[in-house]
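Good morning, and thank you for coming.

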Amino acid sequence: MTTTARGRQKPPTAQGATIWLTGLPSAGKTTIARFLAGRLRSEGHRVEVLDGDEIRRFLSAGLGFSREDRNTNVQRIGLVAEVLARNGVLAVVPVIAPYADSREAVRKRHEASGTPYIEVHVATPVEVCSERDVKGLYARQAAGQLTGLTGIDDPYEPPPAPALSLATQSQTPEESADSVHAVLAARGLV
Ligand SMILES: Nc1ncnc2c1ncn2[C@@H]1O[C@H](COP(=O)(O)OP(=O)(O)OP(=O)(O)O)[C@@H](O)[C@H]1O
Ligand SMILES: [Mg+2]
């Protein structure tokens, strides 16, 4: 608590951060984000989840899956996340973000305002992702009904130095979310 000039107690300003969960389709990003957000909310934090699918329905409506459009999508989400995080919100971002240079631009945007940016690689192997195939994308690609699937016939550039890498094939979603929470705790963000 800080004390104002008139002697009233003021709650401390919340410290926001962006927690970006990058990884292949069906890696577990959305699932982990939901568990993490639930835990953070129950602890009293202000939390927003910016999920790739929802964002593509409004903020990025009209964008496709070319390299340029994927980058534009990530920059828009990065901008919104940074604004939220700079204002005390924990912005959880389960978005594929396949390109290293796109993610670096988002990191730099955060660094420019001194806003914490935590990159988590949901590093589920492609074989496991294609087995899970939550949205049927891998099956459609295999059947020739879809091209440009990240990790199959479109590039995924794994982050070289993430704050955390999650092997979700040998954990429960709750364990994965708890590992992310531990990183936030170690950095004094929760
Ligand atoms: N440790 C784990 N963490 C996250 N998900 C897991 C884990 N173990 C198993 N799963 C399962 O993997 C699936 C992951 O699906 P999810 O929608 O979260 O993937 P995604 O990364 O958001 O994919 P997309 O990029 O297509 O949105 C879910 O069915 C989930 O229950
Ligand atoms: Mg998802």
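Is Lys 29 buried or exposed? Lys 29 is buried, because 28 other C-beta atoms lie within 10 Å. By that word I mean that 20 or more other C-beta atoms lie within 10 Å of the residue's own; 12 or fewer makes a residue exposed, anything in between partly exposed, and C-beta atoms are placed from the backbone.

Some conventions come next. This is a predicted model, in which local features need pLDDT of at least 70 and side-chain atom pairs count only at pLDDT 80 or more, while totals for chains, interfaces and linings use all residues. Residues are numbered from 1 along each chain as its sequence is written, and chains are lettered from A and ligands numbered from 1 in the order in which they are written.

Let me stay with Lys 29, which lies in helix 1. Helices (H or I, at least four residues) and strands (E, at least two) are DSSP runs, numbered from the N terminus. Leaving aside residues up to four places away in sequence, Lys 29 touches Leu 21, Gly 23, Pro 94 and Val 122; contact requires C-beta atoms, placed from the backbone, within 7 Å. Thr 30 is also found in helix 1.

I turn now to the ligand. Ligand 1 is surrounded by 21 residues, the closest being Gly 28, Lys 29, Thr 30, Thr 31 and Thr 168. A residue is near the ligand if its C-beta atom, placed from the backbone, lies within 6 Å of it. Helix 1 contributes the most to this shell, with four residues; helix 2 (52-57) and helix 7 (173-186) are also among the helices that each supply at least two.

What does helix 1 pack against? Its buried residues, which are Lys 29, Thr 31, Ile 32, Ala 33, Leu 36 and Leu 40, pack against strand 3 (17-22), strand 4 (47-49), strand 5 (90-94), strand 6 (117-122) and helix 7. After helix 1 comes Gly 44, with a positive phi near 95°.

Strand 6 deserves attention of its own. Six of its six residues are buried: Tyr 117, Glu 119 and His 121 on one side, and Ile 118, Val 120 and Val 122 on the other. Strand 6 runs parallel to strand 3, joined by five bridges, and parallel to strand 7 (residues 164-166), joined by three. Strands pair if DSSP finds at least two bridges between them. His 121 is the bridge partner of Thr 22, and Val 122 stands opposite Leu 166 in strand 7.

Finally, two backbone details. Most residues other than glycine have a negative phi. Ala 97, in the loop between strand 5 and helix 4 (100-112), has a positive phi near 45°. Asp 133, in the loop between helix 5 (126-132) and helix 6 (137-142), has a positive phi of about 35°. Ala 97 counts as buried, with 27 C-beta neighbours inside 10 Å, whereas Asp 133 is partly exposed, with 15 other C-beta atoms within 10 Å.

Definitions and conventions: Contact = placed C-beta atoms within 7 Å.
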